[in-house]
Amino acid sequence: MANQKENRTILVVDDERGLREGCRRALTRYRYEVDVAATGQEGLSKVLAHDFGVVLLDVKMPDISGIELLKHIHSHKPDSVCIIMTAYATVELAVQAMKLGAYDFIEKPFSDDALLLAVERGMDKHRLETASGRDLSVGEGSAAPSAEKRTLEECEQTSSTYSRKVAHELRAPIAAIRSFLTLILQGYTTPEKTREWQERAADRADDLLRLIDDVLNLARLKDADVERTPEIVSVEAVLKDVLGLHAPEAEAKGIRLQVEVKPCGSLVADAVHIKQLWTNLISNAIKYTSRGGKVFVRLVPEGESLVGSVQDTGIGIAHEDVPRLFREFFRTEQARAFAQHGTGLGLAIVKQIVEEYGGDIRVESEPGKGSRFTFRLPLGGAA
């Protein structure tokens, strides 16, 4: 049996035009087909006439509430994947919506990333339900649908494992911030201590924001459905900008920055990716190098490729840790002892970017003597 084309259609039902069009713009970038409805009745008519992968429903609408509309949808199309959107989020409302068949719940105002996450989870649910339905319709004679269902279940399991890792990493800074604020609010402090704890809470908030940024950046890099914006990029110019941003940090630690750059051909790429590549490698080198050390940055052409490297005189990496360096959330014991703050995602982002453009990256390191990261990118077209 031929594979069914994936259903990437979405219906947004909301009486606020700005929200409808905002959802349309955000989701179209990820190659979803988005239809909209301004009223509950219009939304119901469209659901009855078409099969949507996901339906986004507002709760407060002038003619039919989202909860009522949810009842109508599931009475006619019980397999529909509906996600409730509301600015009036309560536990009671969430429970009521889930009991009526809503798959998920998203609170207004929401970011594009929060919207995309909810929709992708809904789409996974829709694909799984569709695969289950085909299993029943073809009987035991065909193994292909069952294999597809198993693949989807494995993907959901992988996603769940990753979500637990992210939640674990988010928990520590949030718990620290809460502890500092609780001590201040309950009066267990002096003016001097209050200032100290506020600063420490602010530091942990910065850690949290960096972690969230890295998680989102890595997710975008991995998402094949995100539309890339390739352009002709001067890798030398991007490197110069990144060095300018990190020079004050190196100077403050007394670290000598040495740079060797030879003219290279242009690369067709997303300039943001190239900036992230240099930023992660150079910031890591400065972070894990002691005061008075050196960081050497090199960019040269080699045949049909350009080769970049960042070498430092820092703490180095144990031989047994090198194979795990590019894993998400991995930090060596030496790195944790040397620098408390770090997301463990910087090198995973570097590897993802290099592979995005058909390149490779290698590491040479010795504990106590420093590390050198060398990447190679083919010149010309983007991946």
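Two strands count as paired when DSSP finds at least two bridges between them, strands being DSSP runs of E with at least two residues and helices runs of H or I with at least four, numbered from the N terminus. The model is predicted, so to speak of local features takes a pLDDT of at least 70 and side-chain atom pairs count only at pLDDT 80 or more, while totals for chains, interfaces and linings use all residues. Residues are numbered from 1 along each chain as its sequence is written, and side-chain values use heavy atoms, with hydrogens and water left out.

On that basis, five strands form an open sheet in the order 2-1-3-4-5, with parallel pairing. Strand 2 and strand 5 (104–107) sit at the edges with a single partner strand each, so one side of each lacks a neighbour in the sheet. From one strand to the next, the twist averages 20 degrees.

Strand 1 (residues 9–13) and strand 2 (residues 33–37) run parallel and are joined by five bridges; valine 13 has alanine 37 as its bridge partner in strand 2. Four bridges link strand 3 (residues 54–58) to strand 4 (residues 82–86), again parallel.

As for the helices, helix 2 (residues 40–49) packs on helix 3 (residues 66–76) at about 15 degrees, the axes lying 10 Å apart (axes are lines fitted to C-alpha atoms, for helices over the stretch in contact, and angles run from 0 to 180 degrees between N-to-C directions). That makes the two helices roughly parallel, a label for angles under 35 degrees. Gly40, Leu44, Val47 and Leu48 of helix 2 meet Leu69, His72, Ile73 and His76 of helix 3, contact meaning heavy atoms within 4.5 Å.

Notes. Parallel < 35°, antiparallel > 145°, perpendicular 65-115°, else oblique.
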